[in-house]
Amino acid sequence: MLHSPYVNFSQKNAMIVSSAWGDVNGDGIPDHVYLTGVKTIDSPFIQKITLVIQDGRTGMMSYVPLKSNAGYNPTLFLGDFTGDGIKDILISIASGGSGGIMFYYIYSYVCNTPKLLFDYNVFNEAYKYQVIYKDYYKVEVINVTEGIRYVIDISTRDQDYLNEIYDAEGKLKSPIEGFVNPLSGLYPVVFDSDGVYELLAYQRISGRFAADALGYVLTTLKWNGRKFALVNQSVAIGGSPV
């Protein structure tokens, strides 16, 4: 854990769990950005995680509460996501659940005013999916919101797995649907060499149960002046031995 004598914590027993340094308010002077939280005894679980920004010019502190404020390994990343030349604040928190679900927020702090640009819950609700097993060892993944269809070939899966689902002729024994999980990864990437970050989102595609991974939905998002909008989307699958 990091400690600083300059931070006056608003939470009793709070400590710095992540920190970064950069100009986030646009005055040209680097600011100190922290995540503070209360550590659970004998556990890496962190509660009451709060975004704290210390103005590099005045030393004034701002505290921004997070809606999902408990989890593991909270981290910060500073980068320009909007194209205004000022760094924004990406917050990542691991939920600790078996599905590898993550909590993500992006805040702008231009003119010392916090503005939420990205909320993982809003993203998770924005795109609706259907995952439908089809005859002959195929699975359809449909982005209902955008009207995009993908087909995954599962014919190389373990034979015992396939025998539970298909008959000897490759026909489904009964209808089966899977699901697309909430966000498990959100990565800042500069695709256009312009210094402005876009977002690459990962969501696992599950079959009959959560650990039955069929692949990942990869979604690229870019700030359009109002929100992070879908630029492109693809489905990635793992390989199999030749």
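Predicted model: local features only at pLDDT ≥ 70, side-chain atom pairs only at ≥ 80, totals over all residues.
Biologist: How many residues does the contact take from domain 1 and from domain 2, and what area do the domains bury between them?

Modeller: The contact draws 18 residues from domain 1 and 18 residues from domain 2. The size of an interface is often given as the accessible area lost when the parts come together. Of the area buried between domain 1 and domain 2, 74% is on carbon and sulfur atoms. The total is about 1,600 Å².

Biologist: Which residues of domain 1 lose the most area to domain 2?

Modeller: Three residues together account for 36% of what the domain 1 side buries. They are Phe-81, Tyr-104 and Phe-123.

Biologist: How many salt bridges and how many residue pairs in polar contact are found between domain 1 and domain 2?

Modeller: For salt bridges across this interface, the rule finds 0. For polar contacts, with both residues at pLDDT 80 or more, the count is 3 residue pairs.

Biologist: Which element gives the largest share of the side of domain 1 that touches domain 2?

Modeller: The elements that give two or more residues to this side are β5 (72–79), β7 (102–108), β8 (115–119) and α1 (120–126). The largest share is 3 residues, and it comes from β7.

Biologist: How do the residues on that side of domain 1 divide into nonpolar, polar and charged?

Modeller: The side of domain 1 that touches domain 2 includes 6 polar residues and 1 charged residue. The nonpolar residues there number 11.

Biologist: With which residue does Glu-140 form a salt bridge?

Modeller: Glu-140 lies in strand β10 (residues 138–143). Glu-140 counts as buried because its relative accessible area of 12% is under 20%. Its contacts beyond four places in sequence include Val-131, Ile-132 and Tyr-150. The salt bridge, with the closest N and O atoms 2.9 Å apart, is with Arg-149.

Biologist: Is Arg-149 buried or exposed?

Modeller: The relative accessibility of Arg-149 is 54%. This value is over 50%, so Arg-149 counts as exposed.

Biologist: How many residues apart are Glu-164 and Arg-208?

Modeller: Glu-164 and Arg-208 form a salt bridge, with the closest N and O atoms 2.7 Å apart. Glu-164 is in helix α2, while Arg-208 is in the loop between β13 and β14 (213–223). The pair links distant parts of the chain, 44 residues apart.

Biologist: Which residues are linked with Lys-222 in a network of salt bridges?

Modeller: The side chains of Lys-222 and Asp-192 meet in a salt bridge of 3.3 Å, N to O. Lys-222 lies in strand β14 and Asp-192 in the loop between β12 and β13, so this pair ties together parts 30 residues apart in sequence. The network links Lys-222 with Asp-192 and Glu-198.

Biologist: What is the phi of Ser-193?

Modeller: Ser-193 is placed in the loop between β12 (177–189) and β13 (198–206). Ser-193 is exposed, with a relative accessible area of 73%. Although Ser-193 is not a glycine, its phi is positive, at about 55°.

Biologist: Where does Asn-73 lie?

Modeller: Asn-73 is not a glycine, yet has a positive phi of about 50°. At a relative accessible area of 58%, Asn-73 is exposed. Its place is in strand β5.

Technical notes. Residues numbered from 1 in each chain as written. Heavy atoms only, no water. Contact = heavy atoms within 4.5 Å. Buried area = accessible area lost by both parts, 1.4 Å probe. Salt bridge = Lys/Arg side-chain N within 4 Å of Asp/Glu carboxyl O. Polar contact = N/O pair within 3.5 Å; in protein donor to acceptor, adjacent residues only side chain to side chain. Helix = DSSP H or I, 4+ residues; strand = E, 2+ residues; numbered from the N terminus. Nonpolar A, V, L, I, M, F, W, Y, C, P; charged D, E, K, R; others polar. Buried < 20%, exposed > 50% of the residue type's maximum accessible area, 1.4 Å probe, protein only.
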